[in-house]
Amino acid sequence: MPKSCATDPHRLILLLPFGYAVASRYHWPRDFMVNALTAWVPGVILVAQLGDLSAGVAIASYLLGYVAFICIYELGYLANDTIGLRHDPTPRRRVDFSPSPGFLAGFVAIRLGTFLVVSMALGVATSGLYWAAITALVTTLVAHNTLRAVELKFYTFLQLSLLRFALPVVPVLIVKGGMEAILTTFATALLLFTLPRFLTYLDAKGRLSLPERKARSYHLKAHLAVSPLIALLSVLSHEAAPMICLIWGVLVQTAYVGSRKRPRHRQGVRNA
């Protein structure tokens with residue numbers, strides 16, 4: 001029987017923004033490092049290049065954008081681990097506790113308060129475009145956690161994965177007025193981040209047989225396969241950012257392929 005959070009002081013860390021994500025998804029060191037190398041570093045590259053910012057300012061801006069994003073996304077994580085399990089044909093319990101009403105109230109209040117404060121610090125609290133993006137995120141989270149048809153969850157997963165990559169980058173680009181840069185960010189996310197994860201999601205849900213995905217060289221080959229369109233995206237946008245992200249991804253995957261072989265761990269279903 002899962003324990004109540006109130007009986008375990010150590011689980012109070014889950015109330016802090018990003019604490020729940022670390023405990024349930026971004027386990028140290030493997031999952032944390034995978035996210036850092038495949039999502040966070042490319043995100044900083046896009047902020048720096050498309051926002052024309054120095055490395056230090058780009059990192060700080062991305063981190064603030066990520067805090068605002070994760071405050072909302074963790075509400076979806078909690079919903080997925082409670083409500084969503086009722087409709088999931090392949091349920092997976094990620095945390096071993098049953099949240100009390102008090103925990104839920106604190107969890108939501110802390111995240112909404114932090115989100116508003118960070119949004120004001122980023123200068124997007126009054127941006128209609130930013131609120132439209134947040135509305136898209138919330139709507140998709142609700143749909144993903146309430147839909148019973150797994151074939152429709154594929155569509156919500158795809159959107160959540162795109163938003164997960166792009167939303168930490170978007171605030172800086174809104175302030176800079178870079179609408180084309182925002183579209184470039186989403187296109188880069190689709191090719192380098194979302195597409196491989198979408199195939200993984202299909203495989204994990206039993207709707208796609210892709211044994212080659214487990215090969216160490218799979219993601220390297222996937223990056224190389226989309227390189228023509230990434231190159232075209234850089235040409236169309238007159239921005240080097242997509243190509244720099246591709247080069248970074250190729251370097252990371254090359255290092256992974258060249259590293260010493262480790263025992264293969266069982267891969268479970270990942271949420272967006």
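**Entry 1: E74 and its partner.** I started with E74, which counts as buried at 0% relative accessibility (buried means under 20% relative accessible area, exposed over 50%, partly exposed in between, with a 1.4 Å probe and protein chains only). I then looked for its partner and found that R111 forms a salt bridge with E74, the closest N and O atoms being 2.8 Å apart (a salt bridge is a side-chain nitrogen of Lys or Arg within 4 Å of a carboxyl oxygen of Asp or Glu). R111 sits in helix α4 (residues 101–122) and E74 in helix α3, so the pair ties together parts that are 37 residues apart in sequence. I checked the arginine too: R111 is buried, with a relative accessible area of 0%.

For my own record, I noted how helices and strands are assigned: they are DSSP runs, H or I with at least four residues for helices and E with at least two for strands, numbered from the N terminus.

**Entry 2: ground rules.** This is a predicted model, in which local features need pLDDT of at least 70 and side-chain atom pairs count only at pLDDT 80 or more, while totals for chains, interfaces and linings use all residues. Residues are numbered from 1 along each chain as its sequence is written, and side-chain values use heavy atoms, with hydrogens and water left out.

**Entry 3: the other salt bridges.** How many salt bridges does the rule give? I get a count of 4 salt bridges. One of them joins D81 to R25, with the closest N and O atoms 2.7 Å apart. That pair links distant parts of the chain, with D81 in helix α3 and R25 in the loop between α1 (19–24) and α2, 56 residues apart. Is D81 buried or exposed? I find D81 buried, at a relative accessible area of 6%, and R25 counts as buried at 5%.

Another salt bridge connects D203 and R213, where the closest N and O atoms are 3.0 Å apart. Here D203 belongs to helix α8 (residues 179–204) and R213 to the loop between α8 and α9 (218–225), 10 residues apart. I looked up their accessibility as well: D203 is buried at 16%, and R213 is buried at 8%.

**Entry 4: N80.** N80 counts as buried, at 10% relative accessibility. I also took a C-alpha to C-alpha distance: N80 and R94 are 9.7 Å apart in space and 14 residues apart in sequence.

**Entry 5: T38 and helix α2.** T38 is found in helix α2 (residues 30–51). What does the side chain of T38 reach? One of its polar atoms lies 2.6 Å from the backbone oxygen of V34. I noted the helix geometry beside this: an α-helix has 3.6 residues a turn, so residues three or four places apart point the same way. The side chain of T38 also makes a polar contact of 2.8 Å with the side chain of R197. Leaving out residues up to four places away in sequence, T38 touches F165, F193, R197 and Q253 (contact means heavy atoms within 4.5 Å).

Where does α2 bend? I read a bend of about 40° at A36 (the angle between axes fitted to the seven residues ending there and the seven starting there). After α2 comes D52, whose phi is positive, near 55°.

**Entry 6: S127.** S127 lies in the loop between α4 and α5 (128–146), and S127 is buried with a relative accessible area of 13%. Its side chain reaches the backbone nitrogen of Y130 at 3.2 Å.

**Entry 7: the whole chain.** Of its 272 residues, 46% count as buried. Residues 24 or more positions apart account for 73% of the contacts with a separation of 6 or more.

Conventions. Polar contact = N/O pair within 3.5 Å; in protein donor to acceptor, adjacent residues only side chain to side chain.
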